[in-house]
Each structure stands twice: as C-alpha cells, then as structure tokens.
Protein chains: 2
Amino acid sequence: MPPPIEFHFDFSSPYGYLASTRIDALAARRGRAVAWRPFLLGAVFKVSGMAPLLDYPLKGDYARRDFARFARLLGVGFTLPTPFPFAAVAASRAFYWLAGRDEASAVALARALYHASYGEGRDISPAETVASIAASLGLDRAAVLAALNDPAVKEALRQAVERAVARGVFGSPTVIVDGEMFWGADRLDQVERWLETGGW
Amino acid sequence: MPPPIEFHFDFSSPYGYLASTRIDALAARRGRAVAWRPFLLGAVFKVSGMAPLLDYPLKGDYARRDFARFARLLGVGFTLPTPFPFAAVAASRAFYWLAGRDEASAVALARALYHASYGEGRDISPAETVASIAASLGLDRAAVLAALNDPAVKEALRQAVERAVARGVFGSPTVIVDGEMFWGADRLDQVERWLETGGW
C-alpha cells in the first residue's frame, strides 16, 4: 500500500474548502488514502511574511469573485462566512483531539466543519459552534468543549503547525504526494497527473 | 468576430512565460485572437502591497521548483535567468513601440524575448540585449535603441501599466475573457472552459 497523500489546509481557507470536496475521490481513483492535516495560516504567515488574502488590494477583490466562481465549476455550494477570515483554532484543535482517537471520525468532522463554514456560511470560530457540529456527528459535546482547553490538545495543534512549516507548507491547500508539493486548489489536476504517472 | 482575449504579463514573470507558450493556440481553438499586454509587476506591487515571489520564504523555494516542473509538464524549456527577478522595462518599451506600428511583430518580439529569457536563461534586462533580439527578427537595431529612450514610448508603457491596474490586474499572467479575469498559468484550463461555455 503506497503512503497516503498529505492534505494540508486551514479551516479558514476557502480554497482549502474547495480542495476538500475533491481530494478523497481523487486519491481513491489512484488507490491512495489521504492524511488530512489542518494547520493555521496565521502561524505560517509569521514565517512566510505573507498576509491574509483579502488584505491585498486588487488580489482580494479577485479572490472574492474567484471563490464563488471556482465553487460553481466544481458544483459545490459556496457562501463566504462572516466574519472572514476567522480564527480556526477551535476547529483545528477539535480535529487533532479526535484524530488522536479515530482518524476517520476526525476527517468526518473536518468535512462537517468545512460544510458548515463555506457550504452554509456559518461562523465556526466559536468553541460552542465546533462542539455543536461535533455533537451532530454523535460526539459528546461536553467532551469536545473540554478537549478544546486541554493543554495536550493545544500542544498537538502547535506541533502540527510546526511540522507543516518544516515541510515547507506556506499556503492552503497544499498537497504533498510522495515528497512532491503542490499548492493551490487549482493544482489538483497536476496532483492527479502526478499520481497517475509517478512524476514527469 | 468576438473581441480578443487580453493576456497581461510581465516579461520578468516565469509563469507569464509558461502561459505565453499556450495562450495563442488556446484562443485560436475557440476562434479568438489574443491581445498581448505586458505590464510591470513592480508598479503593480506598489498598489497591491505584494512583493516579488522569491522574496517570500517557503513560497519562494516552492516557486523555484514549480517553475521547472510546470515547464516540463507543458513540454517547454525552462532556465531561470540570472539575475532574477530582473527589470523588464526595456523589453516592455520595445513591445509597445513596435505594437504602435505592427501588433503582430510586437507579439513575435515578445515571444523571442521570453524564449531568450526563460527558454535560454539570457539576461534580457539590458537595452542592448533587447535590441539584439529585435535585430534577429529583422528590426533595425539603432531604431530600437532610440525607441527605448523616446519619451513617447516611455509614456506608452506608463499608460499601459496604469490601464492594467485599472483593470484590476495584480499578478502575471492574468487573462481577461469577456470581462472575466483569471490569474495564473494554472488557470488556463479554466480560461479555455470559459471560452467554450461562455461562463458557468
């Protein structure tokens, strides 16, 4: 069994959301699993010197239009939540807490969080919202809320972000296939081709 | 005859070069002409707040690798010239000088300049190099050198850059199809689909 492809994303990244709607099916077509790896762009920006997308004049205007246009092309819903960008710390902690017990459930939670956020436009930054979404998947609401303040969970997220930076991840989404990195929802076709051909 | 699609690029942009190798054939498949429109990213950065790609840690490392990988995928040569990035003022002035007389010749010159730069890794920033490349296409070397210092030509470039910013162009390449903007060499597939379908 070949190793999983790495899917690095920030829950507050619209392009991460778009990629999340395709990544598992894409990998499955080539017999691969996907390791979902949320990180925090804010922490990466401190290393990369970049800023949130919509902070850039011109580029921000383009991005707002492009998010929805790209979503239509993929046939998925898109609503930019308010506020945007938002803090994805609670969502990311919940993911790593659950991943430590059951990776598949953590991925299901990630999908549900992304759907709530960019599919429905909900604000998923509050811990209570993350807990409610987790509860809708059958998880224990109180356990989720406790986990979000657990120092071990905070540390797990901190280390995950450090690992992403150490891998060279600077944007969301980033897919790594057998050591080869692809940045951007618009590179998934290249990811698929790389999987097909083993490189070019 | 539908209007040409606009191809905005900086001669010092590797992704502009990559797109330049595909744009005319892509447009021709849909019965469209291409209006080549060089601009200067440096001037746009003053508005957009962005910086040259390789100035960003992590992202710069990725880009260096990606330039060559993307070129291999397209089946075109790629050599990063030294210095990089470089000043594309002379190349851009030569383009607009020639475009004022003969648009097709200006496009031929643009292709030759891009090929010299990223195909062969030559430094095309000096006026003398631009004049030599123009001369290899049968243009008068002395006339090119004179044009590069002509205030009217300088003004033509300045106005072209202003128009690009006014159109919302913030990166290279940017393709505008019937008012719809697409940024990035990796969006040419979306450009082609937009041309096929008239939107989605």
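Contact is taken here to mean heavy atoms within 4.5 Å, and helices (H or I, at least four residues) and strands (E, at least two) are DSSP runs numbered from the N terminus. The model is predicted, so that local features need pLDDT of at least 70 and side-chain atom pairs count only at pLDDT 80 or more, whereas totals for chains, interfaces and linings use all residues. Residues are numbered from 1 along each chain as its sequence is written, chains are lettered from A and ligands numbered from 1 in the order in which they are written, and side-chain values use heavy atoms, with hydrogens and water left out.

In helix H6 (residues 103-119) of chain B, Leu109(B), Ala112(B), Leu113(B) and Ala116(B) meet Val130(B), Ile133(B) and Ala134(B) of H7(B). By class, this contact of H6(B) with H7(B) has seven nonpolar, no polar and no charged residues, where Ala, Val, Leu, Ile, Met, Phe, Trp, Tyr, Cys and Pro count as nonpolar, Asp, Glu, Lys and Arg as charged, and the others, Gly among them, as polar.

Chain B also holds an open sheet of four strands in the order E2-E1-E3-E4, with mixed pairing, two strands being paired if DSSP finds at least two bridges between them. Strand E2 (34-38) and strand E4 (180-183) of chain B each have a single partner strand and stand at the edges, so one side of each is left without a neighbour in the sheet. Strand E1 (residues 5-9) of chain B runs parallel to E2(B) and is joined to E2(B) by five bridges, with Phe7(B) standing opposite Trp36(B) in E2(B).

Note on methods: Axes are lines fitted to C-alpha atoms, for helices over the stretch in contact, and angles run from 0 to 180 degrees between N-to-C directions.
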